[in-house]
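Please find below my note on the model under review. It is arranged as numbered points for reading beside the coordinates.

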Amino acid sequence: MRQIPPKFLLLVLVALGVTPATVHGAPVWPLLSEVRVAGDAVYLSDLLPAQASAAFRSMAARIRLSAAPPPGSSMILTADKVEEKIPGATRREVLLPSEIVVRRLPRLLTREEVIGAMNAALQSNSFPGNPRVDPDAVQFSAEVRISGDDPHLRVRRVDFDAALQQARFLMVPGNDTRALPFLVTARLTNNQQSEGGRSKDSAGMSLVSTKGEPAGQLLRKSSDAVIASGQTARLQVLSSSMQMLLDVVALEPGALHQVIRVRVPGSSRVLRGEVIAPGRLEARF
């Protein structure tokens, strides 16, 4: 009677769902043909089926096969590449498919990455008082998974709620065109100190992207004051890519296109703005 080759017998047993298969009394574990990993390397243990023994899995966790693909992407490992990484004694205990597809799970966005992107957006737009994010008062709207090691975070919009003393940042990863924007709330503090020695908060602030927006219609000059001294007004502070709206108090009356001094309520900060409409001023940085 013709003897059935052990390798062929092993394939038959695996196809029948008998795992682990046993040839000549030794267990042989069929490796998975498609796996998902979370770390930056692929180990033999990542390729084992769920039925693999704890002892064998522990040993396989020390055998590094390859670097993992970037988060959110995949790669293919051939049987030859995997086999050359496995010690001889261990090779006899696994059955290799011809190809193994390795997919790396997207990683979670870190708190440090988000805070860094928010502060960079505030700093690059040179807003008055140099506001910064309080790292102890940052909240995500949800867990955000990203592809790639560098998310290239972009701030699309920032709104400030004076009542809650919170800033809302609308952010999006710039390295993935399929990524959806997400919200992060944070408290802003001002690096400049008030006379009482306490950090001033950015009251009544709203930052909005202005790229691609048409310029406003120019108003005619007038010698009549349209803002009275002591009146509450809105100051639009413009930078290269964003704008900030501040609630301010006029320190002197102003006519159209006249530059007057204003103060941010609750602080000693004095700014200068050009009157562009009744109750509205503008300053460029």
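1. The structure is a predicted model. The protein chain has an average pLDDT of 77, and 74% of its residues reach a score of at least 70. Two stretches call for caution. Over residues 1–19 pLDDT stays under 50, and the model gives this stretch 16 contacts beyond four places in sequence. Over residues 193–204 pLDDT likewise stays under 50, with 30 contacts beyond four places in sequence.

2. Overall make-up. The protein chain contains 5 helices and 22 strands. Of its 285 residues, 41% are buried.

3. The largest nonpolar core. This core has 22 residues, and Met118, Val133, Phe169 and Met171 have the most contacts inside it. At least two residues each come from α5 (111–124), β10 (131–140), β12 (153–161), β13 (166–173) and β14 (182–190). The largest share, 6 residues, is supplied by α5. A second, separate core has 20 residues, including Trp29, Val35, Val37 and Leu48.

4. Surroundings of Met171. Which residues does Met171 contact, leaving aside its neighbours within four places in sequence? Among them are Val114, Ala117 and Met118, together with Leu153, Arg154 and Val155. Leu180, Pro181, Phe182 and Val184 are also in contact with Met171.

5. Helix α5. The 14 residues of α5 should span 20 Å at 1.5 Å a residue, and this agrees with the model because the end C-alpha atoms are 20 Å apart. The buried residues of α5 are Val114, Ile115, Ala117, Met118, Asn119, Ala121 and Leu122. An α-helix has 3.6 residues a turn, so residues three or four places apart point the same way.

6. Strand β20 (residues 259–263) pairs with strand β21 (residues 270–277) in the antiparallel sense over 5 bridges, and Val262 stands opposite Leu271 in β21. The hairpin of β20 and β21 has 6 residues between the strands, and Gly266 there takes a positive phi near 80°. Strand β21 is also joined to β22 (residues 280–284), antiparallel, by 3 bridges; Glu274 has Glu282 in β22 as its bridge partner. The hairpin of β21 and β22 has 2 residues between the strands, and Gly279 takes a positive phi near 75°.

7. Thr90. Is Thr90 buried or exposed? Its relative accessibility is 7%, and Thr90 therefore counts as buried, the cut-off being under 20%. Thr90 is placed in helix α4 (residues 88–91). Not counting residues up to four places away in sequence, Thr90 touches Leu44, Phe56, Met59 and Ile63.

8. Two histidines with positive phi. His152 is not a glycine, yet has a positive phi of about 50°. His152 lies in the loop between β11 (145–146) and β12, and is partly exposed, with a relative accessible area of 44%. His257, also not a glycine, has a positive phi of about 70°. The loop between β19 (254–255) and β20 holds His257, which counts as partly exposed at 21% relative accessibility.

Definitions and conventions:
Residues numbered from 1 in each chain as written. Predicted model: local features only at pLDDT ≥ 70, side-chain atom pairs only at ≥ 80, totals over all residues. Heavy atoms only, no water. Core = buried A, V, L, I, M, F, W, Y, C linked by side-chain atoms within 4.5 Å. Buried < 20%, exposed > 50% of the residue type's maximum accessible area, 1.4 Å probe, protein only. Helix = DSSP H or I, 4+ residues; strand = E, 2+ residues; numbered from the N terminus. Contact = heavy atoms within 4.5 Å. pLDDT = per-residue confidence, 0-100. Pairing = 2+ DSSP bridges. Expected span 1.5 Å × (residues − 1).
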